[in-house]
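Please open the model in a viewer and keep the selection tool at hand.

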Amino acid sequence: MTDASVTSDRDRLLEQNKLKRGMRLRDLYFAGLTAVIGSGWLFGSFETASVAGPASIISWIIGGIFILIIALTWSEISTSVPIAGGAARYANYTHGGIAASIIAWSTILTYIAVPAVEAVAVIQILQGAISYYAPTSTFVLVNSAGLPSAYGVLIAGVFSLAFFYVNYIGLTGLIKTNFAMTIWKLIVPPAAVIAILVVGFSHGFTANLSTPSFAPFGYGPIFTALPTTGVIFAYLGFRQPVEMAAEAKSPGRDIWRALVGVTLTGIAIYTLLEVAFLGGFAWNSSTFGTSGVGVGQWSGLTTSLPMYTFPFFYEAVGLGLGALGIVLVIDGVVSPTGTLSQYMGSTSRVMYGTAKEGYLGSSFFRVHPKYRVPVVGIITTFIVTIVLLVIAAIGYLVSSVGGAWSALTSIVTTTGVFSYIIGPVALVIFRRAHKDLKRPFVLPGGFALSLVAFIVSALMIYWGAGGLISSSDPYGGYILLIIILAGFLLYGYAKDKNFSRDIKSGAWVIVLLLFNIVLLYVGEYQRNYLKLPWDWVAEIVVAIGLFFWAYYSAVPQEETKAAIERGISLTESAD
């Protein structure tokens, strides 16, 4: 076969597997926001307060600022090179196959688990409503340990199947569903905030904001809570417009606006939700679902409490806001299922992009001839969702905090944060390798902010993995980092290997993971040889070194430039 015929076959395959350009700014914004306002708003405030006390307010603000910095770096690269499945493909453009395989694997792990997180959230919410409205009922969806029952798995599976269908029938169905759900989400959480703040503060619950002090556990938990209690998990949806970039009508104009808009909206909503939660309940009260927890005992907010199953619902009914409680039950289904739907679609795009770069089988690269969606990726996501639900039901997904939801979110946030690291690195390398690239959005102070974004991501990897280490499970963090490292095996799928180049360019990714494994052992989470804050200092210093290593060890500039131009020129999307 001649080179010309190979090129012709490749072009024909690309033409047959185009995604559809149909997403406007509103659609991109809603895609991100519907992912951000999922089960995180229903449970995150409770979880964060249990770790940081009233200082959890700062956790949401700092977490949002961290994510905003990262989002700004992604804004520049995703508008200049708007391709589906950006993270893995950007890594391939800048650091070759080994880095791309690990980043791709981490991204896939993150996205493919989120639908299961949201499905668990739905049945947990329903269990809370059943326990309150029908306290004598023996129908159990989630048990006292936070694990799904067989009935719970069945109902969660039905929700997953419904939104599998929404994604399967194509972009139009996804856009319409996201629009309706996001409008709902823009109404209900703010309404809940206002009602609970007004009524709760009138009951004198503002004292909770300083009981027994503003930061009863010190200021360390403010940061370590970010990846382990749902803070970063809640903000993860900011990158949805990036993954949908190849389907944007005007990517250069709209993607960065959607990214920034989603992040700022998330910060505002989640910070106010935390304030409302802190000032909306009474201690040691059966009405509020906090029986047995004394005043100021924030660490007593655990899975054994009725409030755990549905925190804001118990606050609403405890404050006498019965109508709001009913609305929250409805939202407890709408918010998580909207996020479930969005991630089921986005995961297939991540797989599409990964397959396009040669790190997954070609079947993930094919799109449905009628609906123009990556159908194999959608089917795979649905199957994995059901598998994870079953694993959770039999008790193999339990975190040190307790419950399947907490375990899944801890894992998702750590793998997700790891996949963030390629964004700031790609920005500075793209600028160096392709100075003439059209950049609709140029980040001021791009190099400095990219370095900060890289450091923030590295710290959250350490905090996230550390949060999975406890006396009952001293190996959880290590296992997760090793599983991420196992993404190296995807390199075996690569069609155009250049091992000597790829290992030279991508070794920093491996070193980052190995260093964090060592730091987990010697730092505060285990042996405590490096006491707080010196373990954080070590992470920062090494992250700075790794950032410059990544900058100077990238593949040759002409290769990156050629890859960028190829990614832009290939017709991924139908006009």
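**An exposed tyrosine**

Select Y552 first: its relative accessibility is 62%, so Y552 counts as exposed (exposed means over 50% relative accessible area, buried under 20%, partly exposed in between, with a 1.4 Å probe and protein chains only). Y552 is found in helix α21, residues 534-552; helices are DSSP runs of H or I with at least four residues, numbered from the N terminus.

The model is predicted, with local features requiring pLDDT of at least 70 and side-chain atom pairs pLDDT 80 or more, while totals for chains, interfaces and linings use all residues. Residues are numbered from 1 along each chain as its sequence is written, and side-chain values use heavy atoms, without hydrogens and water.

**The nonpolar core**

Next, select W41, W74 and F418, which touch the most other members of the largest nonpolar core, a set of 192 residues. Such a core consists of buried Ala, Val, Leu, Ile, Met, Phe, Trp, Tyr and Cys residues joined through side-chain atoms within 4.5 Å. Helix α5 (residues 86-133) supplies the largest share of this core, 24 residues.

Now centre on W41. Beyond its neighbours within four places in sequence, W41 is in contact (heavy atoms within 4.5 Å) with residues including V188, P189, Y270, F312 and D331.

**A helix pair**

Finally, display α4 (residues 56-80) and α11 (residues 251-278), whose axes are 9 Å apart. The helices pack at an angle of about 175°.

Note on methods: Axes are lines fitted to C-alpha atoms, for helices over the stretch in contact, and angles run from 0 to 180 degrees between N-to-C directions. Helices (H or I, at least four residues) and strands (E, at least two) are DSSP runs, numbered from the N terminus.
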